[in-house]
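Let us take a friendly walk through this structure together. Have a look at the sequence and the 3D view, and then read on.

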Number of protein chains: 2
Amino acid sequence: MTRQKRAVAALLAETDQFTSAQELHARLRNAGEKVGLATVYNQLGALVDAGEVDSRRGESGETLYRRCDLVSHHHHLICRHCGLTVELSAPEVETWARELGRRNGFNNLDHVLEITGICDRCSGDSQ
Amino acid sequence: MTRQKRAVAALLAETDQFTSAQELHARLRNAGEKVGLATVYNQLGALVDAGEVDSRRGESGETLYRRCDLVSHHHHLICRHCGLTVELSAPEVETWARELGRRNGFNNLDHVLEITGICDRCSGDSQ
DNA sequence: ATCGTTGCAAATGTTTTGCATGTCA
DNA sequence: TGACATGCAAAACATTTGCAACGAT
């Protein structure tokens, strides 16, 4: 358990939006933490493998990371404006996806579902 | 309407798996077509904007392209082994996603759903 | 002391861009 | 001809890797 490991974990714990490795690294640097970019990538990869962090690809191609609130399989509802993220359980969709895959002759099914929109806070604002 | 434009469109027409720009370019070259990589990217971008081609990000980070069969909003069921792709309409999921977003105070909802699995052909094979 | 972690710098791979050239209409 | 498409080479990114120095236990 190194200082860098702790720093990355701590930053993720207080961030509830999907964030790129580059940005997390920049924030750590700004906060005075001396952490290498490669280490940030390393840690994020490890945390994803450990199931403690979710990752997804942003539109611009970078990988975005966020700590997991739900332990089990879940989906995200994400505000396109401010990045606010709500984690969703969706049993109906799970069943539906598995069933539909099976009906098409597929095994070993998995799926990714992501809902995006503008949250009420951002809709309300003049933003 | 240039020769290159036609070549890219023709290749996409006869390809029904998601394919990277790099690979499409390589195939065009192998087929004797003289097309620049930048032009392939250009064309693919234009076709995506025109709604004639779907794009998604592969696991390794590149963008994959495939001609659209369905004009309207739809989803994909993709074989992780051979890349076989089935286009799906899923009204239940559309409604569900919109409703769930609204219930969380989101407007302007959109979503992405992708189901992956191993198709029967690939399951059957020793592959 | 040992062994995994770190972090720089360089490599990798994809996509974009600048700009001179070619080509369609 | 005149505007736009092309395509090379170089730039711009995100990410990975090699490897020597470092630090936790």
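Helices (H or I, at least four residues) and strands (E, at least two) are DSSP runs, numbered from the N terminus. With that in hand, chain A has five helices and six strands. Read along the sequence, the pattern of chain A is α-β-α-α-β-β-β-β-α-β-α. The C-alpha trace of chain A spans about 55 × 40 × 25 Å along its principal axes.

A word on the ground rules. This is a predicted model, in which local features need pLDDT of at least 70 and side-chain atom pairs count only at pLDDT 80 or more, while totals for chains, interfaces and linings use all residues. Residues are numbered from 1 along each chain as its sequence is written, chains are lettered from A and ligands numbered from 1 in the order in which they are written, and side-chain values use heavy atoms, with hydrogens and water left out.

**Where the chains meet**

Two strands pair if DSSP finds at least two bridges between them. Strand E6 (residues 107-118) of chain A and strand E6 (residues 107-118) of chain B run antiparallel and are joined by nine bridges. In one of these, Asp110(A) has Thr116(B) as its partner. Thr116(B) also stands opposite Ile78(B). Strand E4 (residues 75-79) of chain B runs parallel to E6(B), with four bridges between them.

**Around the DNA**

A residue is near a strand if one of its heavy atoms lies within 4 Å of it. Which residues come nearest to DNA strand D? Of the 17 around it, they are Tyr41(A), Thr63(A), Thr2(B), Gln4(B) and Gly36(B). Sugar or phosphate accounts for 83% of the atoms of DNA strand D within 4 Å of the protein, and bases for the rest. Helix H3 (37-49) of chain A, helix H1 (3-13) of chain B and helix H3 (37-49) of chain B each supply at least two residues of this surface.

| Residue | Part of residue | Distance to a phosphate oxygen |
|---|---|---|
| Thr39(B) | side-chain N or O atom | 2.9 Å |
| Gln43(B) | side-chain N or O atom | 3.1 Å |

**Two packed helices**

Two packed helices are described by the angle between their axes and the distance between the axes. Helix H2 (residues 21-30) of chain A packs against H3(A) at an angle of about 120 degrees, with the axes 9 Å apart. H2(A) is therefore oblique to H3(A), as angles under 35 degrees count as roughly parallel, over 145 as roughly antiparallel, 65 to 115 as roughly perpendicular and the rest as oblique.

Conventions:
Polar contact = N/O pair within 3.5 Å; in protein donor to acceptor, adjacent residues only side chain to side chain. Axes fitted to C-alpha atoms, helices over the stretch in contact; angles between N-to-C directions.
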